[in-house]
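Keep the 3D view open and follow along.

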Amino acid sequence: MKLQNTFGIGETMTGTVMTMDNVLALFLLPFFGALSNRTDTRLGKRTPFIVFGTIAAVIFMILIPIADNMKSFPLFFISLGAVLFAMSPYLP
């Protein structure tokens, strides 16, 4: 409901934005899981993905309320996609 009220978009577009998480997870989680299994650093296999993914997610997550205040749907859409992408490496 917040997307419809803030950005004035319809239910179809709202549903599309909300399903992005599932679609991205379908492709990105196996990719990053396989990548982290082949990675070997002094910090371990998963730690670099957790550290850099968390830092990136925090940075992009700050943009979401900024987009909300500006009523900028493109900025919201891009920052949400970036947050989802940044969180994918540390979920496997």
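Contact here means heavy atoms within 4.5 Å. With neighbours within four places in sequence left aside, Leu3 is in contact with Gly8, Ile9, Thr14, Val17, Met18 and Phe76. Bear in mind that this is a predicted model, where local features need pLDDT of at least 70, side-chain atom pairs count only at pLDDT 80 or more, and totals for chains, interfaces and linings use all residues. Residues are numbered from 1 along each chain as its sequence is written, and side-chain values use heavy atoms, with hydrogens and water left out.

**The core**

- A nonpolar core is a set of buried Ala, Val, Leu, Ile, Met, Phe, Trp, Tyr and Cys residues joined through side-chain atoms within 4.5 Å. Buried means under 20% relative accessible area, exposed over 50%, and partly exposed in between (1.4 Å probe, protein chains only).
- The largest nonpolar core here has 12 residues, and Leu3, Phe7, Ile9 and Phe76 are among them.
- Two or more core residues come from each of helix 1 (2–7), helix 2 (11–38), helix 3 (47–70) and helix 4 (73–87). Helices are DSSP runs (H or I, at least four residues), numbered from the N terminus.
- Helix 4 gives the most to this core, with 5 residues.
- In soluble globular proteins, nonpolar side chains tend to be buried together.

**Helix 3 against helix 4**

- The axes of helix 3 and helix 4 come within 8 Å and cross at roughly 160 degrees. Axes are lines fitted to C-alpha atoms, for helices over the stretch in contact, and angles run from 0 to 180 degrees between N-to-C directions.
- How do the two helices run, roughly parallel or roughly antiparallel? That crossing makes helix 3 roughly antiparallel to helix 4 (the label for angles over 145 degrees).
- Among the residues that meet are Phe60, Leu63 and Ile64 in helix 3, and Leu75, Phe76 and Ser79 in helix 4.

**Residues to click on**

- Is Ser79 buried or exposed? Ser79 sits in helix 4 and is buried, with a relative accessible area of 1%. Away from its sequence neighbours within four places, Ser79 is in contact with Phe60, Leu63 and Ile64.
- Val51 belongs to helix 3 and counts as partly exposed, at 35% relative accessibility. The C-alpha atoms of Val51 and Pro89 are separated by 9.7 Å, though the two are 38 residues apart along the chain.
- Lys71 lies in the loop between helix 3 and helix 4 and is exposed, at 54% relative accessible area. Its phi is near 60 degrees, a positive value in a residue other than glycine.

Technical notes: Angles under 35 degrees count as roughly parallel, over 145 as roughly antiparallel, 65 to 115 as roughly perpendicular and the rest as oblique.
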